[in-house]
Amino acid sequence: MLDNDPLQRHNGHLSLDGLSEGISRSSQNGYHPVLVLNQNYEPLHVATVRRALVLWLAGKAEILETYDHEVASAQHRFPAPSVIRLYTLVKRPLVRVRLTRREVFLRDNFTCQYCGVRTHDLTIDHVIPRSRGGPHTWENVVSACRACNHRKGGKSLAEARMQLLRPPFEPPPSRYYTIQRLLRSPVHESWLKFLPDLDVKSQRSR
């Protein structure tokens, strides 16, 4: 969840206790994420079906797309939303890319930043070694093949007589970075029209 998530604030008088979701072919191991769009149709968040229904029943959102099953309470049955749109414009919080091994490799295009070899067998190297006070920051970590990492060891660049292909930097988040970070499964077919630049081959639901 995002810090200070505006979707956390909803009508406290609504109660959806006891909801149960029908079983259908659209189920992704029991997980039904809902794409939340801002008022201007900008992808904003990923919510649960329960959260989406609370927003809809409170008159704070409209349902644009649904799964092929319903959600039932003791007295009512509701369509299971797959995409909703907020009626009011929510200011999008500043998002920064998390410093992880995979994100470093993606930033460096799976290329060793010392010798230029492109491989998926990479390690993380601190340009200024941690043993010498080097920080674990975007500006001090690079992708390195095992041979270059071993050669550099705990030395500085000058001591190891090595050079970087380019200075390391903090990458900007991709257009759908927040959405992809919150997903635990491929996106549903109904999301694709709202995510036009998403890599369909890697994200399309089976």
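Visitor: What volume does the largest pocket have?
Guide: This is a predicted model: local features need pLDDT of at least 70, side-chain atom pairs count only at pLDDT 80 or more, and totals for chains, interfaces and linings use all residues. Residues are numbered from 1 along each chain as its sequence is written, and side-chain values use heavy atoms, with hydrogens and water left out. On a 1 Å grid over the protein atoms alone, a pocket is an open set of points where a 1.4 Å probe fits, with protein on both sides within 12 Å along at least five of seven lines. With volume taken as the space filled by probe spheres set on the points, the largest pocket comes to about 420 Å³.

Visitor: Which helix gives the largest share of the lining of the largest pocket?
Guide: Lining residues have an atom within 4 Å of a point, and there are 14 of them, with Glu103, Leu106, Ser174, Tyr177 and Gln180 nearest the centre. Helix H2 (101–107) and H5 each give two or more; helices are DSSP runs of H or I, at least four residues long. The largest share, four residues, comes from H2.

Visitor: How many charged residues are in that lining?
Guide: Asp, Glu, Lys and Arg count as charged. Besides six nonpolar and three polar residues, the lining has charged residues numbering five.

Visitor: Which residues does Trp191 touch?
Guide: Contact means heavy atoms within 4.5 Å. Not counting residues up to four places away in sequence, the partners of Trp191 are Pro33, Val34, Leu35, Val46, Tyr67, Ser82, Val83, Ile179 and Leu183.
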